[in-house]
Amino acid sequence: MELQRRDFLKIIGATTVATTLPGCGIKQPKSLIPYVIPEESITPGKSVWYASVCQECPAGCGISVRVREGRAVKVEGNPLHPTNDGALCARGQAALQGLYNPDRVQHPMRKGEDGKWRAISWDEALKTFVDELQKIQKAGKGGDVVLLSGHVSGALEELLGTWIAAVGSKNHLRYEPFAHESLRKAQSVTFGVDAVPFYDFAAADTVIAFDADFLETWISPVEYAKGFTRHRGYTNGKRGTYLFVGPRLSMTASNADSWFSVNPGTEGVFALGMVRVILEEKKEKGVSAADALRISSMVSSFSPDAVSKRTGVPAEAIRQAALIFASSSSGLAVAGGTMVEGDSGVATIAAVNLLNYICGNIGKTVTFGPSSLSRLASYDELALLADQMNGEKVAALVMTDVNPVFDTPDGLDFARAMQRVPFIVSLSSFMSETSELANLILPTHTPLESWGDVEVREGVHGLMQPAMQPVFDTRMLGDLLLESGQKLGRTGNFPHRTMYDFVRARWMDLHKRLGGKSDFESFWVECLARGGYWEKSRSESHPSLSQNLNSATFEPLAGKETAKGGTFDLILYPSIAHYDGRGANRPWLQELPDPMAMNVWDSWLEIHPQDAAAAGINTGDVVQISSPYARFEIAAHVSTTVKPGAVAIPIGQGHTAYGRYANNVGRNPIDLLDPKPSERTGGLEWAGMKVEVVKRPYQTILATVSGSDVQHNRGIIQSVPLDELSKPGNSEADKEQALSMYPEQEYPHHRWGMTIDIDKCTGCSACVTACYAENNIPIVGKEEVNNGREMAWIRIERYFDEQSPVPRADFAPMLCQQCDDAPCETVCPVYAAYHTEEGLNGQVYNRCIGTRYCANNCPYKVRRFNWYEAEWVEPLNWQLNPDVTVRTKGVMEKCTFCVQRIVEGKNTARNEQRPVRDGEIVPACAQTCPAEAITFGDLKDRKSRVSELIAEEGKRDYRILEELNTRPAVTYLKAIKREIA
Amino acid sequence: MTEDYSLNYTDTDIDLMQSLKAPGKGYWFLLVFLLLLIAAGAAAWGVQIAEGIGVAGKNNPVGWAMYITTFVFWVGIAHSGTLISAILFLFRVKWRAAVYRSAEAVTIFGLATAGLFPFIHLGRVWVAHWILPVPNFGGLWPNFRSPLAWDVLAITTYLTASTLFFTLGMMPDVAIVRDKTRGWRKKVYGLLAMGWQGSDNQWRHYTAAYVFLAALSTPLVISVHSIVSWDFAMSIVPGWHSTIFAPYFVAGAIHSGLAMVVLLLIPMRKAFKLEKYITGHHLESLAKFIIFTALVVGFAYSIELFVSWYSGNPFERAIFIYRMTGDYAWAFWLLITTNVLVPMLLWSRKIRTSIPWLVGICISVEIGMWLERFVIIVTSLAHDYLPYAWGIYKPTLVDSLIVIGSFAWFFFLFMVFSKTLPVVSMWEVKEQINPPTKSGR
């Protein structure tokens, strides 16, 4: 990768930090530029980029934080990080709203006798913390202290381990709601390795996913999306095949060539059916005859007909899927996620492992190696902890950034168990349903303010550095552990005073281990600039089939009805915006439309139109859902995204104590689940619950941004069959420029343009949140979205295919098309809308008088009017991009192609006395896109990537509403359809 | 000279000036009521300026709604005045004499009401002057490609011409009032009469100027509403972008304007006992005119529908299907009924000579014409090109109060006019009756 200007800036930035941050105090900023480092290192108006690691989910993507005048204003993917390669998801983009969240715990607090929180000083807080723990130690109960953290790796994991040992306990639970228990157990059953495998989507030419929502939240979605786009992207007549098996048409599923909508819980049956077909047809690869025979005997009862009966998918389709998968040169089958992680999860995933095994994918697209995810505690360990707490066997509970009260079923009653613990401390950045029940809260820095390192996958060392001074009177978790640990344990255990020293010491070790060629200081600065260090060789095992695997493994798939009665199969899925619920306090994520349901600020129950009609349910009706464990009312959303007989609810909403943006929004469906851990998997049974759904006689508002689910044959999303693309033919011949009454626009220097590959766009909506962050787009709230006043400059239009007999959906990112003959420009009476000499449809906010004529006349409906004065809650307003005007009420606004970045790019080029390089200027949407669907550049430059793409893709390029002759600068590339089975 | 009137000059002066006598309780009651409604509307506007235009129900696809609807409605109402005073004058239609003064008042007050809405609907009304072609330091002119800039010119021209016509036509009458009043009133009327003496020389110049102004105003009747219609026709919104719009809107404007004149004349002639001057013949003539305009408007509707089908343009077709069957279908069918079908009752002589029937039908036309603009504006915007961006408009308290306030404002102005200026042209009525002779009365 060549060194680009932005990367260079990051290096400069990191150098500054490395030399100055150690001197940082934790005093509150009082000046305009809230930095303690010498002022000459900050040039007002100049951005500095700091590399760090995203901690919004366990994936551990590399990020670069843009800092202006000492404040973090934008988070982007680190282009040098091997995991995400420059891309970032919506949740990563919204990390800033965690940093600046107005509902963060802003100072230490202690709960009084009356149950009310009282602010205390740090001295008092630390003294209480240490004193209480010392009392327990003295009473000989040090071993009964439990440390409950989320997924941690690297320095923090080591430090937490040392700390709990210093207290005298061994109880450190790395608790995550989605801990992949079935996935890990299945690997251990099949291959004898208890690990979360690594999947290489880029290396696969055929992918089959069994429920795993790998483009949304599963394990490492940005990494997978990046790989997927390599596998999938149409180049030189080739394009990967992708099949999806599962009961719900998730966003991930809607990207597939074919969706096999199997009955819930029968994914494993489908996989075993495929295995049997492949073995019968002798299509297996790299499998010994003995193994083949052994596997054959395991799957003998899964004939296509039997499988068809169970799954509800025609036998021929199963055969087809099997043959396609087996004939690929390198395939990849993945299974996982909440829809699989039920009682039969291990069996299902083991079945998929077999599928990978007999096709020779193990060691190629599926590899194993040390991963911090494999060290996560399983749900039964948490359930056991709850038992111990109830039995008053826990002397103290120390928690950091976990929320089990919210993300475990009500039936477990973790909250009640917590009442039996005499001393609970929460070392967290946010108040939550769990922190609320603590006795003491020591507020910690968010990851963007902290030092640390992250090693999710062995050999990939991500380095975290603070991007700015702390926003509130909080402390770094590592510092707190070091300070308290020194008092609680033997001093020798904690030779370091601060987290910074500790991290540096770890990296000195790494430097030594790597051979230590250069001196440490330059290695350290280099790593800070790069965002970490990536070792080339990784210790990866190539496991063979375990001897423990036998027919009994697949017993759970035999099809005996479970006792948990009810009419509908319940499907819970992690919301792409909120994951397990931790994203719910970020207003950007609340206002991010769900890619499939297109609703915001809510949760809902998806029900198939057939079932809905039978019960007289319409979208927006309130229904009551009940399982043996809980019952609540929720809005119905009638949709073909679920199979008849199943209902689905997104996870992540229903908070009660997680800040103003999260509280009382939607419902928490986790409560419906059986709190007892599955004996087979050790995990929570996310799948397999049956529920009743009853219509209530009233309605509620379900705020949606979608005016229509289908495109009424208007050709907004166009597609082309794959085989037509490979046919020779002159594609340019039939394209002629339509006439226009207006004179041709003249562009003396640049004509900015964009291509959007509909085939690559997965619908993940990262671009939407990136645009909110970059362009100071205000949040309007549920009611105003319902009134049709969301402000997004770029949106993902989701249309269901009206011709397809099976439900399928496509996504079209829609933003200002920067037309040559723009209908908006001619109708503005005051020239607020005008044409720039670089082809942009400029909008002068100061000149706008608010006739809204331009928005009426825009066929793409991408202009956004400020109906009210935007509200910027302190300190969320610290995030505002200083390069972009904050708009006032009564003016129109719109996508500018990130004109501030264009100007910056041109200025830099001019200062360096050279022309602007292609790829140097990247708008926020294109920058973050994990699917690399958006390309930006100069259309006047024939050699720019965007011009080349348009020329290359002669059969796929089209412009939306081309017949209006608005001559847009945005060229879309058609979706590619391939009919399978 | 004419069979319509059996009057003499003296009676005419007395009869036609009694409307200027001190008003009764009912008048004051009504005036206060209207003032309250205006205050409510003004307060609503205040709220809108303070809070932002979001308090009105518009949204992303539907950027224009009730304000522009009501704007077009009042511009339409303003049409009958010039039509009656100028075009019918040039055609020497005699029955106009009794009604044209009120009709002209309707024009001016209609414009005065309509003129508020471009301001009310602006996002930033405090910089509204940027739309005016005023020389300025920055050298920044309005965009003359924008139909909104044309609007400004068309409407100010029309307002100027019709105000001139109104004041000029009133000069001889105001002079009579001046001569019969005392005190400060005499001074005010004297100012308005501009030194009118009624000499032959003055009459000669006066009639020449009158014909000239009538000829000047006539094209304005056509142009103003054509240009207002281009706000829509010049756009690319399906359901708006249509060549039929100019004549279609002019016809609709006259349709609603005539009905409004009838609606104002009937109570006025009763209140001021002017039945001798504004006779059944006059009302019937207006009613016949309404049959004609109803037919034109109905024809326009059918052509619009036909073209949308015949064009084969899927977006156009979709809009008309949406209008007929979608969220606002009730408004569409109601407007067809009230604008076209109900006025057909006027074919019956019995109905068109019955005052209650006439009032009912004219109210129906006003409802229909308001709905017509509402349906054109809102349905087209609500369902244009991209189905994903479709939306729906719902009125709110604020925009409803402002629209109601605008009606109150119009009627308030008319009521003030009716008590301060002669509502029927004395001099033109006199032209139609036999001049006083020694032998005669």
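Author: Two strands are said to pair if DSSP finds at least two bridges between them, where strands (E, at least two residues) and helices (H or I, at least four) are DSSP runs numbered from the N terminus. The structure is a predicted model, in which local features need pLDDT of at least 70 and side-chain atom pairs count only at pLDDT 80 or more, while totals for chains, interfaces and linings use all residues. Residues are numbered from 1 along each chain as its sequence is written, and chains are lettered from A and ligands numbered from 1 in the order in which they are written.

Reader: How do you know that β17(A) and β18(A) pair?

Author: Three bridges join β17(A) to β18(A), residues 460-464 of chain A, with the two strands running antiparallel, and at least two bridges are asked for, so they pair. Within this pairing A:D453 is opposite A:L463 of β18(A). The open sheet to which they belong has three strands in the order β17-β18-β19 (chain A), with antiparallel pairing.

Reader: What makes β17 and β19 of chain A stand at the edges?

Author: β17 (452-454) and β19 (532-534) of chain A each have a single partner strand, so one side of each lacks a neighbour in the sheet. Helix α18 of chain A, residues 499-513, packs on this sheet and touches β17, β18 and β19, with a direction at about 45° to that of β17(A). Such angles run from 0 to 180 degrees between N-to-C directions, the axes being lines fitted to C-alpha atoms, for helices over the stretch in contact.

Reader: Why is strand β1 of chain A described as largely enclosed?

Author: A residue is buried if 20 or more other C-beta atoms lie within 10 Å of its own, exposed if 12 or fewer, and partly exposed in between. Six of the seven residues of β1(A), residues 47-53, are buried, so the strand is largely enclosed by the rest of the structure. Seven bridges join β1(A) to the antiparallel strand β2(A), residues 62-68, and A:A51 stands opposite A:S64.

Reader: Why are α10(B) and α11(B) called roughly antiparallel?

Author: Helices α10 (245-271) and α11 (280-310) of chain B pack at about 150°, with their axes 9 Å apart. That makes α10(B) roughly antiparallel to α11(B), because angles over 145 degrees count as such, whereas those under 35 are roughly parallel, 65 to 115 roughly perpendicular and the rest oblique.

Reader: What makes α3(B) and α15(B) oblique to each other?

Author: Helices α3 (66-77) and α15 (355-382) of chain B pack at an angle of about 135°, with axes 9 Å apart, and they are therefore oblique to each other.

Reader: How many residues of chain B are in contact with chain A?

Author: Contact requires C-beta atoms, placed from the backbone, within 7 Å of each other, and 37 residues of chain B are in contact with 40 residues of chain A. Helix α7 of chain B, residues 147-180, gives the most to the chain B side, with three residues.

Terms used:
Contact = placed C-beta atoms within 7 Å.
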